[in-house]
Amino acid sequence: MNCALVQVKRCVGRRGASSLAAVLQPELESIREAGTWKNERIIASAQRTEIVLADGKRVLNFCANNYLGLSDNQQIVTAAKAALDKYGAGLSSVRFICGTQDIHRELEHKLAAFHGREDAIVYASCFDANAGIFETLLTAEDAVLSDELNHASIIDGIRLCKAKKLRYKHRDVGDLEAKLAESAGCRLRLIATDGVFSMDGTVAPLAGIVELASKHGALTFVDDCHATGFFGKTGRGTEEYFGLLGKVDIINSTLGKALGGAAGGYTASSKPLIDLLRQRSRPYLFSNSLPPPVVATGIRVIDLIAGNTNLLNILERNTQHFRQEMTRAGFKIAGDSHPICPVMLWDAKLASTFADKMLDKGIYVIGFSYPVVPKDKARIRVQISAAHTTEEIDRAINAFVDIGKELGVVG
């Protein structure tokens, strides 16, 4: 190749990189200045209530989605190891080519049975499940009605479809009914909501949503990631919490939180819909199969919790204890008696400083601020687990009180 041409290409490459950095650096600096920079703390142990950080420090973890404490359960780890030996590390394939093992279908059958549905389909994550459902099901003749505070994965999934898109005010069934009337001429209308809203620990008004869906001939979709396995009398999620088992048309959820914490998401619904997803859902058709150890983890978790509510009962007691004592201490705790317990601090920099001081006291929590939550609604989102002991919860409460007094949050 001509030497002069090589030199030109090198210069262009350097200019491109320099130009990109010039564009990105001000944005990065603005994030830092706003106090919303997200540092990734490094953990050097398994996910449990007491974790070890990269510097060797041992701290109590109060911000994992490990609601039932099963992420490091030895029965589950043993099942994953056995699957690794028998089925290998992965399939190197999508499901419809040569990526479906008997355990994949076993897991889907167990998930369907757990939710009382005809069938289920497993994805790499619930983000993928949400990306796959709306585009597959809805056309330009249809409408989707979405709660304005739905999870980002629901929002992104809806963006992919051609249906008419209407947002209703957060948990406002009156506004939802107005949007249903507005979309009355559409072929299908799908109401989409989180079961539990992850930043606030609040529960969707599902009874009102189901009633409106029946009245207006609409379908219902619930993302139950922060409910499956531990919410409701037997852990069947938001519809069980409201006494509405079987009333929701489509349930999307995850294996990556209460159900072992590994990975994987799924859709549980009628067989015709699941059959259609297997034929048309792009994240399913074009993503590698879930690895066998992860599949085995999901199977074992369902077996452990399907008929046993011991962990659910412990989690409920732990949640009540934390909420009651923190409220008594003067903190504002948002949410609806859910293990997600947002400690409201309002100011982004305050939330970040508070979380850093908590770590100094051996309590691992994270400050949440814009754009993860609305501006001026920063908080520390505490998440309670069935694995936490009362002593561990009290240590966290005491640390909150001490730092709250130091920073003038409580008296």
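Okay, let's start with strand S15: Ala378, Ile380 and Val382 on one side are all buried, and so are Arg379, Arg381 and Gln383 on the other, so both its faces are covered. Buried here means under 20% relative accessible area, with a 1.4 Å probe and protein chains only.

Quick housekeeping. This is a predicted model, where local features need pLDDT of at least 70 and side-chain atom pairs count only at pLDDT 80 or more, while totals for chains, interfaces and linings use all residues. Residues are numbered from 1 along each chain as its sequence is written, and side-chain values use heavy atoms, leaving out hydrogens and water.

Now, the sheet. S15 sits in an open, antiparallel sheet of 3 strands, ordered S12-S15-S14. The edge strands, S12 (340–346) and S14 (367–368), each pair on one side only. Strands are DSSP runs of E, at least two residues, and helices are runs of H or I, at least four, numbered from the N terminus; two strands pair if DSSP finds at least two bridges between them.

S12 and S15 share 6 bridges: Pro342 partners Arg381, and Cys341 partners Val382. On the S14 side there are 2 bridges, and Phe368 stands opposite Arg379.

And the helices? H14 (residues 348–360) lies across S12, S14 and S15, at about 40 degrees to S15. Those angles run from 0 to 180 degrees between N-to-C directions, using lines fitted to C-alpha atoms, for helices over the stretch in contact, and contact means heavy atoms within 4.5 Å.

Conventions: Buried < 20%, exposed > 50% of the residue type's maximum accessible area, 1.4 Å probe, protein only.
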